[in-house]
Amino acid sequence: MREFRAPEVVIRRLAIYLRALGQCEEECESYISSKELGERAGVTPAQVRKDLAMFGEFGKQGVGYEVCNLKEELRRILKVNRVINTALVGVGELGMALARYNIRRAQRQDDYPFRLVAAFDVDPQKIGRKIERMVEIQPFARLTEVLRDLNVAIVILTVPASAAQEAVDRCVEGGVKGILNFAPAKVSVPNGVKLQNADVTLDLQQLAYYL
Ligand code: NAD
């Protein structure tokens, strides 16, 4: 049987609901209505109900959703209820900032799923150094082997655009299933590997249009 795949926009919203539920928990709220969850997530209550109904029945008529329970369900659906080994390729300005953020967040939040287990660069000056005294920067030449050995599922790619496709190909060889690409390059991945592009400059340009 083929696995059910929800539309990407829905998955995106589930991640936003999960964040909102985390905030509710911090505010010690036990129950939340679709209206309030919608307000926190910036969507209508009907949209919340429709999105969640794709995965099951989580709410109770007149009471709403139990925050803790819905949070666990969403973590299960998004598959972030476990540790996901993650690696960084390209430890420059951006890569270093993302690596530090990831390491510190994992240190202060027990259930943060993304664990940075390896980092790679081509620069001999950087190889052997440790990020936050935790993750040693390894040579790019060892990428495929180390990714396989450490069972890395996700790579954050912060290399120059010219090096992006080669790095992606080596990651795929290393068995990676998801790549978050920050390099401004059009790269391709085979079926079975998910590529997500992140681009602050494009977002800024889009924003500038509305000024
Ligand atoms: P940087 O030059 O500071 O860092 C790039 C690093 O990649 C360097 O350490 C370099 O040695 C390393 N590198 C080069 N080839 C490599 C390879 N084959 N394997 C491993 N490492 C390799 O650049 P930066 O400012 O950190 O930016 C990194 C990338 O992210 C660039 O492509 C940049 O355009 C992009 N970027 C994207 C956004 C965004 O919003 N998407 C924002 C800033 C930068």
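Buried means under 20% relative accessible area, exposed over 50%, and partly exposed in between (1.4 Å probe, protein chains only). This is a predicted model: local features need pLDDT of at least 70, side-chain atom pairs count only at pLDDT 80 or more, and totals for chains, interfaces and linings use all residues. Residues are numbered from 1 along each chain as its sequence is written, and side-chain values use heavy atoms, with hydrogens and water left out.

**Exercise 1.** Classify E27 and describe its salt bridge with R40.

Solution.
- Step 1: E27 has a relative accessible area of 47%, so E27 is partly exposed.
- Step 2: R40, at 28%, is partly exposed.
- Step 3: Apply the salt-bridge rule (a side-chain nitrogen of Lys or Arg within 4 Å of a carboxyl oxygen of Asp or Glu). The R40 and E27 side chains meet at 2.6 Å, N to O.
- Step 4: R40 sits in helix α2 (residues 34-41) and E27 in the loop between α1 and β1 (31-32), 13 residues apart.

**Exercise 2.** Trace the salt bridges of K71 to E25 and to D111.

Solution.
- Step 1: K71 is buried, with a relative accessible area of 12%.
- Step 2: The K71 and E25 side chains form a salt bridge of 2.8 Å, N to O. K71 lies in helix α4 (residues 67-77) and E25 in helix α1 (residues 8-26), so the pair ties together parts 46 residues apart in sequence.
- Step 3: For K71 and D111, the closest N and O atoms are 3.6 Å apart. D111 is in the loop between α5 and β5 (114-121), so this pair ties together parts 40 residues apart in sequence.
- Step 4: E25, K71, E72, R75 and D111 are linked in a network of salt bridges.

Terms used:
Helix = DSSP H or I, 4+ residues; strand = E, 2+ residues; numbered from the N terminus.
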